[in-house]
Amino acid sequence: MSSLFVTGTDTEVGKTRISVALIELLQQQGQNVACMKPVASGCEQTTHGLRNDDAVTLIAQADVQIGYKTVNPYAFEPAIAPHIAAQQVGISIDLNHIKDLFQQISLQADSVIVEGAGGWLVPLNDKQTMADLAIELSLPIVLVVDVRLGCINHALLTVSAIEQSGLVLKGWVANKRIKNNQAEHIINTLQHVIAAPCIGIVPVLERQQSAVEFLKIEMLVK
Ligand SMILES: Nc1ncnc2c1ncn2[C@@H]1O[C@H](COP(=O)(O)OP(=O)(O)O)[C@@H](O)[C@H]1O
Ligand SMILES: [Mg+2]
């Protein structure tokens with residue numbers, strides 16, 4: 001299995017965009033790839049129930065067709081912190097339930113790309129965070145860094161917390177969501193201060209453009 005847990009330096013940094021590209025990258029290796037977006041807020045009410053754009057996007061790229069509620073068991077309507085959204089509807093996010101679903105999905109795929117929500121230490125319930133979920137799933141981590149002012153601090157804090165969790169940081173992606181004339185300097189610095197490999201430097205993309213051509217499979221498999 002080459003399953004991965006995708007986290008980011010913040011919310012809206014490119015986790016979904018990079019997760020889709022990681023699915024494509026593994027597909028190019030001949031793998032059957034499944035996805036999971038276990039916890040999502042900011043969902044839309046549809047005739048089938050609550051639906052989250054990230055989960056829908058990941059499902060559209062994945063090979064293995066799995067029921068929506070298995071891919072995204074915790075879907076909340078307001079675009080707020082998941083543990084608060086859960087509290088408001090009287091639900092407690094159960095990491096064991098997510099782990100059971102992850103194991104079911106794993107049985108049907110060569111690998112599973114799991115997208116977190118927000119950043120690494122986003123709370124999920126009274127006691128646990130997204131980091132605890134990654135630990136529960138025991139997955140190698142890919143960190144998406146939004147290349148902008150302040151990201152070096154965010155990246156280093158996240159890398160340090162990932163190290164503390166005991167999980168493997170498989171690599172990180174420099175994601176240039178918007179033009180920044182200091183980007184090259186920022187990325188050079190990140191390459192010096194993060195021991196894990198840079199899996200790719202993704203430029204500002206067109207709306208429909210995939211990031212896959214900017215990701216290096218050899219950085220993931222080594
Ligand atoms: N490299 C990129 N170039 C252009 N737009 C990007 C890039 N990466 C992400 N985006 C855009 O930025 C927004 C946030 O990205 P997304 O992948 O949804 O972040 P997250 O999953 O971390 O919340 C989306 O509109 C996405 O299309
Ligand atoms: Mg996302």
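Reader: At what angle do helix H7 and helix H8 pack, and how far apart are their axes?

Author: Helix H7 (residues 151-165) and helix H8 (residues 183-193) pack at an angle of about 20°, and their axes are 10 Å apart. That makes H7 roughly parallel to H8, a term for angles under 35 degrees, while over 145 is roughly antiparallel, 65 to 115 roughly perpendicular and the rest oblique. Axes are lines fitted to C-alpha atoms, for helices over the stretch in contact, and angles run from 0 to 180 degrees between N-to-C directions.

Reader: Before we go on, where do the model and the numbering come from?

Author: This is a predicted model, in which local features need pLDDT of at least 70 and side-chain atom pairs count only at pLDDT 80 or more, whereas totals for chains, interfaces and linings use all residues. Residues are numbered from 1 along each chain as its sequence is written, and chains are lettered from A and ligands numbered from 1 in the order in which they are written.

Reader: Which residues make the contact?

Author: H7 contributes Cys151, Ile152, Ala155 and Leu156, and H8 contributes Ile186, Thr189, Leu190 and Val193. Two residues are in contact if their C-beta atoms, placed from the backbone, lie within 7 Å. By class, the contact of H7 with H8 has seven nonpolar, one polar and no charged residues. Ala, Val, Leu, Ile, Met, Phe, Trp, Tyr, Cys and Pro count as nonpolar, Asp, Glu, Lys and Arg as charged, and the others, Gly among them, as polar.

Reader: New topic. What is the strand order in the sheet?

Author: The order is S2-S7-S1-S8-S9-S10, in an open sheet of six strands with parallel pairing. Two strands pair if DSSP finds at least two bridges between them. Strand S2 (33-36) and strand S10 (198-202) are the edges, each pairing on one side only. Neighbouring strands of this sheet are turned by 20° against each other on average, direction ignored.

Reader: What packs on the sheet?

Author: Helix H1 (residues 15-28) does, touching strand S1 (4-8), S2, strand S7 (111-115), strand S8 (141-146) and S9. The direction of H1 makes about 175° with that of S7. H7 lies across S1, S8 and S9, at about 165° to S8.

Reader: Does S1 have a buried or exposed set of residues?

Author: Five of the five residues of S1 are buried. Buried means 20 or more other C-beta atoms within 10 Å of the residue's own, exposed means 12 or fewer, and partly exposed is in between, with C-beta atoms placed from the backbone. Leu4, Val6 and Gly8 point one way from S1, and Phe5 and Thr7 the other way. In a regular strand the side chains alternate between the two faces of the sheet.

Reader: How many bridges does S1 have with S7, and with S8?

Author: S1 and S7 pair over three bridges, and S1 and S8 over four. Leu4 stands opposite Ile113 in S7, and Gly8 stands opposite Val144 in S8.

Reader: What about S9, where is Leu169 in all this?

Author: Leu169 is in strand S9. Leu169 is partly exposed because 19 C-beta neighbours lie inside 10 Å. Not counting residues up to four places away in sequence, Leu169 touches Ile141, Leu143, Val159, Ile162 and Ala196.

Reader: Last one, the loops. Which loop holds Glu12?

Author: Glu12 is in the loop between S1 and H1. Its phi is near 60°, a positive value in a residue other than glycine. Glu12 counts as exposed, with 10 C-beta neighbours inside 10 Å. Ser138, in the loop between helix H6 (130-137) and S8, has a positive phi near 55°.

Notes. Helices (H or I, at least four residues) and strands (E, at least two) are DSSP runs, numbered from the N terminus.
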